[in-house]
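Keep the structure in view as you read.

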Amino acid sequence: MKNEVVKFGKLLYDKDLTSATSGNISVFDGKSVFITATGTALGFLNEDDVVEIDLNGNELENGKKASSEKKMHLAIYKLRPDIKAIIHCHSPFATAFAACRKELSAPIIAENIIYFGKIPVAPYAMPSSQQLVDNTVKEFVDYDTVLMANHGIVSGGSDLTNAFHKIETAETYAKTYVYSKIIGNQALLNEQELSDLANLRKKIHGK
Ligand SMILES: [Zn+2]
């Protein structure tokens, strides 16, 4: 468990999806949550930087303190039993959308519509606050990937690979949107094309 968190921290860093000490990662084994410690750099984690906590947020071992966003991770696990891993980061292109409080929903890439439907923006609240937890978790009723206004992005997955793919795909979606705006004349998918994609999404993801 801990080595998986270390591995995906480095991968996020190597792919320019995180910088310095921002962001946090956790994985849930059905009993304990293993989450990055507060103040750690995701690209340079050791296993000592991953803290085992229970579902009430209590540290189960002596050592470092769990991430200040642990309440958000725990609330998502409680709401969604299908989610077993969570990645929160401030990847620059997706976070640019969060900075503009603009959801990622432009119908420009068929795969993104099938994969996400859309990526909503949870309203702004102070980092580490209960309000941030409430605002963000509400969106997880319908979505696995959520932008946090003026803050960043969070994805939940069946495992860390799955959560990582969601972060990576969201970042590529945001980047493609920006580049296509620069080229100009984005060709938006039309209603019929979108309805066909929504049907395919239902078949694949059930929603
Ligand atoms: Zn953050």
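This is a predicted model: local features need pLDDT of at least 70, side-chain atom pairs count only at pLDDT 80 or more; totals for chains, interfaces and linings use all residues.

## Strands side by side

Strand β1 (residues 24-28) and strand β4 (residues 85-89) run antiparallel and are joined by four bridges.

S26 stands opposite I35 in β2, and F28 stands opposite V33 in β2. The two strands form a hairpin, with four residues between them. Look at G30 in the turn: its phi is positive, about 100 degrees.

β2 in turn pairs with strand β3 (residues 50-53). They run antiparallel, with four bridges.

The table collects the pairings.

| Strand pair | Bridges | Direction |
|---|---|---|
| β1 and β4 | four bridges | antiparallel |
| β2 and β3 | four bridges | antiparallel |

Now turn to the side chains. In a regular strand they alternate between the two faces of the sheet. In β1, N24, S26 and F28 point one way, while I25 and V27 point the other way. In β2 (residues 33-36), V33 and I35 point one way, and F34 and T36 the other. All four of these β2 residues are buried.

Why is β1 largely enclosed by the rest of the structure? Five of its five residues are buried, so the rest of the structure largely encloses β1. A residue counts as buried if 20 or more other C-beta atoms lie within 10 Å of its own.

Note on methods
Residues are numbered from 1 along each chain as its sequence is written. A residue is buried if 20 or more other C-beta atoms lie within 10 Å of its own, exposed if 12 or fewer, and partly exposed in between; C-beta atoms are placed from the backbone. Two strands pair if DSSP finds at least two bridges between them.
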